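Have a look at the structure below, then try each exercise before you read its solution.

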Amino acid sequence: MQRRSFLTYALAGVACAGVSVLSGCGLAGGAAASAGKGGASDKTIKLIVTESAPYQEPTKIAQALLEKDGWAVTVKYVTDIIQPNLAVAQQEYDANFFQHGAYLQQFNTDKNLDLVGLFYEYGSPGGIYSLKYTSLDDLPKGAKIALPVDPANNGRALFLLRDAGLITLTKGVDVIHTSQRNITSNPLEFEFVEVDQQSLKQTLPDVDAAFLFVRLAAESNLTAKNQLAFEEDADQIPFRCVVAGRPDFAGTEKALALQAAYQSPEVRAWYEGYIGGILPLPWEEDPTAELEKWLSA
């Protein structure tokens, strides 16, 4: 697979509500001052986390471990991808867990924020799967291929097809800004069907192939035998899921305690038991140190 050129900006996840949802969802329960600055005397930690198993269940384990060590932990579970960053930026919460690093950087740019990835929790690689074919070379002329509708993940699928020599894309375009409009050659006349990423596994039986996150593929009982193409390790770096916070929170006693809990043996055991341990745990890597890798991957 060719090396890809990534910007640090991306959109991830489904289309979601606007910024106004923050003021209408009861998130004002913590004033700016109440979130604290992570001082040694402040034993409270406030988290905002997406309501999905790979985020929610490890958070519950981490919360129990922290509370056992004397921390008072509050967790707000949400279903959209706008609230968490705004709530942390406004100091209503100390940290969030819902996004990959590339989305975090895009959100920072769009909203003029400076949130940082505190540490990685798990990776979210993806690939092109099929119930009908065993190789990309077997795809017929006019094959229907389902793509995630959101920009970052839309481009991931197109890059895999480009790297396999089945389509060509605008030269110099990065994966997170790639869409169908960047296709310059499609000799097999593939028909692309864009759907919500959570609906891709339901769509797969009705198309010839589809791009799926490995988690969604595993939930559909798909295996490596169903993979027509899969992202290489370097290509997965921008899409590793992070726990994020404000710069003043990074490196504090709170942040270090949070990382220790989220990267504990108990949490590792949960991930290892989740769909056969399908999700990689890049706990030895530093998201801050890998920003340049995002650009050169």
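This is a predicted model: local features need pLDDT of at least 70, side-chain atom pairs count only at pLDDT 80 or more; totals for chains, interfaces and linings use all residues.

Residues are numbered from 1 along each chain as its sequence is written, and side-chain values use heavy atoms, with hydrogens and water left out.

**Exercise 1.** Work out the strand order of the open sheet and find its edge strands.

Solution. 
- Step 1: The five strands of this open sheet follow the order β9-β6-β10-β5-β11, with mixed pairing. Strands (E, at least two residues) and helices (H or I, at least four) are DSSP runs, numbered from the N terminus, and two strands pair if DSSP finds at least two bridges between them.
- Step 2: β9 (191–195) and β11 (227–230) are the edge strands, as each pairs on one side only.
- Step 3: Look at β5 (residues 126–129), which runs antiparallel to β11 and is joined to it by three bridges. Here I128 stands opposite A229 in β11.

**Exercise 2.** Describe how helices α1 and α8 pack.

Solution. 
- Step 1: Helix α1 (residues 53–68) meets helix α8 (residues 253–262) at an angle of about 125°, and their axes are 8 Å apart. Axes are lines fitted to C-alpha atoms, for helices over the stretch in contact, and angles run from 0 to 180 degrees between N-to-C directions.
- Step 2: α1 and α8 are therefore oblique to each other, a class left over once angles under 35 degrees (roughly parallel), over 145 (roughly antiparallel) and 65 to 115 (roughly perpendicular) are set aside.
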